[in-house]
Amino acid sequence: MNTAARVLALLAERGETLAVAESLTGGLVAAQLTEVPGASQSFRGSVTAYATPLKRDLLGVDGTLLAERGAVDAEVAAQMAAGVRGRLDAVWGIATTGVAGPEPQDGQPVGTVYVAVSGPSGAGKVAALRLNGDREEIRRESVRRVLDLLSDELHGNARTQDTEQNGGT
């Protein structure tokens, strides 16, 4: 079972939902999720905000942050994940932003990628990646990494819930 299938199974088991915000991956995360039979039980939808103004207008990313740092930034990724989570009324939100190439963007070299998760506690996690390879490899690896980050958060969240249910030990 691949990571997309595993996270969707865990989300379904918990009765939780997922929304995706994508930039450099251009819909590949949503495509991988929707390849899984029964994905609609947990997958709410996605926003592919490839153009920087859409990150602000559709996902609620701070315009000043975008103007000062550009779209390839850890905080932008975090705000994208939180924004899509809120806009699509999901329990979890994940996001990808970065430079797949062939040229640098916003002063960032090719292979600079940020993936983020926003969860029910309001807290989130961002991973900064420096990926090698061509455009296709960078995009494919970004999909894998954001789903891995979500998987880690889901399992960590499950451990926290187990501890709370077992008296906090």
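Is arginine 69 buried, exposed or partly exposed? I began my notes with this residue, and at 46% relative accessibility arginine 69 counts as partly exposed, because the class lies between under 20% for buried and over 50% for exposed. I keep in mind throughout that the model is a predicted one.

Aspartate 73 counts as buried, because its relative accessibility is 12%, under the 20% cut-off. I then saw that aspartate 73 has a contact at the start of H5, where one of its side-chain oxygens comes to within 2.9 Å of the backbone nitrogen of glutamate 75. Helix H5 itself covers residues 74-87, and I noted that its 14 residues reach 20 Å from the first C-alpha to the last, close to the 20 Å expected at 1.5 Å a residue. When I went through its residues for burial, I listed Val76, Ala77, Gln79, Met80, Ala81, Gly83, Val84 and Arg85 as buried. Just after H5, I came upon aspartate 89, which takes a positive phi of about 55°.

**Entry on the cores.** Which residues touch the most other members of the largest nonpolar core? I found that this core has 31 residues, and that Leu18, Val29, Leu33, Ile94, Leu147 and Leu150 are the ones with the most such neighbours. At least two residues of this core come from each of helices H1 (3-14), H2 (28-34) and H6 (135-165), and likewise from each of strands S1 (18-22), S3 (92-98), S4 (112-118) and S5 (124-130). The largest share, 7 residues, is supplied by H6. I followed leucine 150 and, leaving aside residues up to four places away in sequence, saw that it touches Val7, Leu18, Trp92, Ile94 and Val117. Apart from this core I noted another, of 20 residues, with Leu59, Val72, Ala95 and Tyr114 among them. As a general remark, nonpolar side chains in soluble globular proteins tend to be buried together.

**Entry on strands S4 and S5.** I checked how these two strands pair, and found them antiparallel and joined by 7 bridges. One pairing I wrote down is that of serine 118, whose bridge partner in S5 is glycine 124. The hairpin of S4 and S5 has 5 residues between the strands, and within the hairpin glycine 122 takes a positive phi near 90°.

Glutamate 136 counts as exposed because its relative accessibility is 52%, whereas arginine 140, at 47%, counts as partly exposed. The side chains of aspartate 148 and arginine 144 also meet in a salt bridge, at 2.7 Å from N to O, and this pair too lies in H6 with a spacing of 4 residues. I found aspartate 148 partly exposed at 23% relative accessibility, and arginine 144 partly exposed at 40%. Salt bridges that share partners join Glu141, Arg144, Arg145 and Asp148 into one network. An α-helix has 3.6 residues a turn, so residues three or four places apart point the same way.

Conventions. Residues numbered from 1 in each chain as written. Predicted model: local features only at pLDDT ≥ 70, side-chain atom pairs only at ≥ 80, totals over all residues. Heavy atoms only, no water. Expected span 1.5 Å × (residues − 1). Buried < 20%, exposed > 50% of the residue type's maximum accessible area, 1.4 Å probe, protein only. Polar contact = N/O pair within 3.5 Å; in protein donor to acceptor, adjacent residues only side chain to side chain. Core = buried A, V, L, I, M, F, W, Y, C linked by side-chain atoms within 4.5 Å. Contact = heavy atoms within 4.5 Å. Pairing = 2+ DSSP bridges. Salt bridge = Lys/Arg side-chain N within 4 Å of Asp/Glu carboxyl O.
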